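Biologist: Could you take a close look at the aromatic part of the nonpolar core and walk me through it slowly, one step at a time?

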Amino acid sequence: MSNPANTSFNLWKGDTLRFTLSLKNSGSAYNIPEGTVFAAAIKEKDTSTLYSMTASVTSASTGTVLVTLPATVSSTLSARKNWIYDVQMTDSASIVTTLLYGNIFVTDEVTS
């Protein structure tokens with residue numbers, strides 16, 4: 001694995017954010033070893049309150065992980081704030097690797 005990728009998202013408050021990670025190692029699909037755990041969270045920059053996102057393996061053999069921020073959580077996020085997130089992987093030897101990070105820009109919803 002190399003340095004974490006940086007990707008930003010636009011999110012409408014109250015919507016579900018879902019994205020898929022396709023992990024690669026030297027250009028080939030990364031076979032996720034058994035016992036590997038993924039975690040993802042979002043927070044407002046310069047604060048300590050974290051909101052969990054789910055990160056679940058959808059295919060270990062192809063290195064595919066689905067990350068989701070549920071609508072029930074996004075509906076609590078303030079629009080026009082500086083939200084940041086990351087996705088981390090912890091292997092069976094407790095080695096933590098940040099895979100992805102970036103900003104999430106939240107826009108107020110009209111329909112609720």
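Modeller: What follows is a walk from the core as a whole to its aromatic residues.
The model is a predicted one, and its largest nonpolar core holds 27 residues, of which F19, L21, M53, V67, Y85 and I104 touch the most other members. Strands β2 (9–12), β3 (17–22), β6 (37–44), β7 (50–59), β8 (64–69), β9 (83–90) and β10 (96–107) each supply at least two residues of this core. If we look at F19, and leave aside residues up to four places away in sequence, we find that F19 touches F9, M53, V65, L66, V67, Y85, V87 and L100.

Two of these neighbours, F9 and Y85, belong with F19 to one aromatic cluster. To describe a pair of aromatic rings, one gives the distance of the centres and the angle of the planes. The rings of F9 and Y85 have centres 5.8 Å apart and planes at 55 degrees, so this pair is tilted. Because F9 lies in strand β2 while Y85 lies in strand β9, the pair ties together parts that are 76 residues apart in sequence. F9 counts as buried at 18% relative accessibility, since the cut-off for buried is under 20%, and Y85 is buried too, with a relative accessible area of 4%.

The rings of F19 and Y85, in turn, have centres 6.1 Å apart and planes at 65 degrees, so that pair is edge-to-face. With F19 in strand β3 and Y85 in strand β9, the pair ties together parts that are 66 residues apart in sequence, and both F19 and Y85 are buried.

Notes
Residues numbered from 1 in each chain as written. Predicted model: local features only at pLDDT ≥ 70, side-chain atom pairs only at ≥ 80, totals over all residues. Heavy atoms only, no water. Core = buried A, V, L, I, M, F, W, Y, C linked by side-chain atoms within 4.5 Å. Buried < 20%, exposed > 50% of the residue type's maximum accessible area, 1.4 Å probe, protein only. Helix = DSSP H or I, 4+ residues; strand = E, 2+ residues; numbered from the N terminus. Contact = heavy atoms within 4.5 Å. Phe/Tyr/Trp six-rings, centres within 6.5 Å; stacked < 30°, edge-to-face > 60°.
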